[in-house]
Amino acid sequence: MSVISYQEAGCQAVAEEMRRDPSVWALGEDLGRGGVFGQYRGLIDEFGPERIADTPISEATIMGASVGAALVGTRPVVEMRFADFALCAVDEMVNQAAKARFMFGGQARVPMVIRQPSGMWRSSAAQHSQSLEAWYTHIPGLVVAAPYTPADNKGLLKSAIRCDDPVIYIEHKDNWALEGEVPDDDDFLVPLGPARLAREGADVTLVTWSKMVGVAEQAAELAAEKGIDMEIVDLRTLWPWDQDMVFASVEKTKRLMVVHEAVQVGGFGAEIAATVAEHMAHVLVAPIRRLGAPRAPISYAKPLEDLLRITPAKILATALEQMQR
Amino acid sequence: MPNDAAHPSHNIDRDRLVDLYRTMRRIRAFEEAAEKASLDGLVGGAVHLSIGQEAVAAGVCANLRRTDQITTTHRGHGHCIAKGTDPGAMMLELFGKEGGTCGGKGGSMHIADFEVGMLGANGVVAAGIPIAVGAAHGAKLMGEDKVVVCFFGDGAINRGPFMEGLNWATVFKLPVLFVCEQNGFASTTHSDAVTGGGGANARAESLGLEAYEVDGNDVAAVDGLVGDLIPRIRGGGGPMFLSARTYRLKGHTSVDPALYRDQDHAAAQWDVDPLVRAAGELRRLGLADSDLAAIDSAAAGEMARVAETAEAAETPALQHAFADIQDIGAPVWESSS
């Protein structure tokens, strides 16, 4: 075990997989200088400019060329720099990467990881702050992962690189500096799919992912002071999501809250809430609650940006309401 | 600008021209069978016929190895046949039947045959350009000796991936031949009416590619020029660009009567049809009419048989709707559903 940051954990994952498999390579803008967030720092020295490829600012072709390179047997790690920029490459992600295996009757696979730094970070305004993970859960053919801990960022990214299907890999920009214990073992993997029980509790189940896990943990401390014992499920992978863990937790607590930084309307929280309502209405003692952002573009000015954030206080208030029932 | 003046079509070997003619005739016969099946309601979806454009497919692919790869478009049947895909599997695919190239799940616009290096047709204009570029990039990374040919039409040059993909190929010095089939139309709009500047070759040259033009209805000219370009690309000469001027003798789809074009002009194009021209050349080289007729009837017979077989074949088992989506998170097939 070593204590390293979320950013370093991602960097280690790429390096280890590139050492293990010569068909793995990374491409995107500014990777030769380590990537805009340092998540490729030093890799060009070990692997050279062919495998840590600096590309033109051509998101559609970064994505489309990766589809072609994946179809012929390489494993591209695609860096989108900001999740918002992946929108320049939606045809290549949704019409090409996600569908090639199916449309071609299983003749070919598209093993690529699409790294999308997401979320609100340092007043980045409406085009550099979005959390769009829900869009991708809607697309057949895509796996969607959104790790919170540094260990998960290493283990899930390694699994994503080894996955034979395209993986949308959401890293929260506010997490880059987050430190935690990470296994040094080259074979450390976190499987795509299973959630992580971030906190055990008896009264309310809170399902969340990415940076919101940390916010939920702070809220759980506040709730504990009020005598409320929250259970936190860190989903880690959004598609497929771990229904078993969520159902087991709701069976125990009989209350569910889903929390995400993304806009609440049409967010992935709605899918979880609806699924639990369809299968477990008889268990619930309080209405399911969703906490997400208002359906507003993200402001630049800090107080306006902060208005959209989910805070520990908002979570606590919701938990208190649920405990009234 | 390099041009095709140095590549007169009339020095071609007769046997090679016979082979090219046969490929073109098989493409034509396939398209005619597909057109009939579409109009008879046996083939669903949109069917985009390449009737009139056969010389480009035949002349280019005759210069490729099996291990070389191509991407093509919604109008891609000819490229598939020329690259070696079995027309029987293609016709099954058009009919949505078991045994189709994609198991009946792709249809006309998504035919692929990785065994022969056919990396997929595409339903999105210009989308094959980055994919071809990436296939070449992957080959270069893996140290494979491979050329990738990317077919697209003049409608594609107004989409962003055209500029991005050509630039990318130049920057990474990739072994790609871009082939722009200039059939004069962007869907049902005249290409010239919606294209600014000097057109495809000017754009390609501005991005650092050597750009050539060829009479795309002269199969020997296409064959000759591409025969010069492919070894240069294979030898590390970087990406190159070829505009082949041709004509789409049919509408955008099988059901489009193409009334938006000058009907006299359109009718006259049948006289310079690549098959008519190649047949004339073969006669000049001494091939007997009976030999030509034998090629024609063999092709017609082959494609009539594949259409009959496709009509009689079974549709795919229902569980294939949920197969080959993704390893984890795909819907689970239940026979009762």
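Colleague: In which loop of chain A is A:Ser123 found?

Modeller: A:Ser123 is found in the loop between strand 5 (113-118) and helix 6 of chain A, where helices (H or I, at least four residues) and strands (E, at least two) are DSSP runs numbered from the N terminus. Please keep in mind that this is a predicted model, in which local features need pLDDT of at least 70 and side-chain atom pairs count only at pLDDT 80 or more, while totals for chains, interfaces and linings use all residues. Residues are numbered from 1 along each chain as its sequence is written, and chains are lettered from A and ligands numbered from 1 in the order in which they are written.

Colleague: Which two residues does the cis peptide bond join?

Modeller: The cis bond joins A:Trp239 and A:Pro240, with omega at about -5 degrees, and A:Pro240 lies in the loop between strand 12 (237-239) and helix 9 (243-253) of chain A.

Colleague: How should I read strand 3 of chain B, and which residues lie on each of its faces?

Modeller: In a regular strand the side chains alternate between the two faces of the sheet. In strand 3 of chain B, B:Val176, B:Phe178, B:Cys180 and B:Gln182 are buried on one side, and B:Leu177, B:Val179 and B:Glu181 are buried on the other. With 7 of the 7 residues of this strand (176-182) buried, it is largely enclosed by the rest of the structure. Strands pair if DSSP finds at least two bridges between them; here strand 2 (148-153) and strand 3 of chain B pair in the parallel sense over 6 bridges, and B:Phe178 is the bridge partner of B:Cys150.

Colleague: Which residues touch the most other members of the largest nonpolar core?

Modeller: Such a core is a set of buried Ala, Val, Leu, Ile, Met, Phe, Trp, Tyr and Cys residues joined through C-beta atoms within 7 Å. The largest one has 207 residues, and B:Leu177, B:Val179 and B:Leu242 touch the most other members. Helix 1 (14-39) of chain B gives the most to this core, with 10 residues. Two residues are in contact if their C-beta atoms, placed from the backbone, lie within 7 Å, and, leaving aside neighbours within four places in sequence, the contacts of B:Val179 include B:Val56, B:Val60, B:Phe151 and B:Leu242.

Colleague: Is helix 4 of chain B largely enclosed or open?

Modeller: Helix 4 (87-94) of chain B has 6 of its 8 residues buried, so it is largely enclosed by the rest of the structure. Its buried residues, among them B:Met90, B:Met91 and B:Leu92, pack against helix 1, helix 3 (77-83) and helix 11 (289-312) of chain B. Just after this helix, B:Gly96 takes a positive phi of about 70 degrees.

Colleague: How is chain A divided into domains?

Modeller: Domain bounds come from an automatic or database domain assignment, and chain A is divided into domain 1 (2-182) and domain 2 (196-323). Their C-alpha centres lie 26 Å apart, and the contact takes 25 residues from each of the two domains.

Colleague: How many residues of chain A and of chain B are in contact?

Modeller: Chain A brings 39 residues into contact with 37 of chain B. Helix 3 (59-71), helix 4 (90-97) and helix 5 (100-103) of chain A each supply at least two residues to this side of chain A, and helix 3 gives the most, with 9 residues.

How values were computed
Buried ≥ 20, exposed ≤ 12 C-beta atoms within 10 Å, placed from the backbone.
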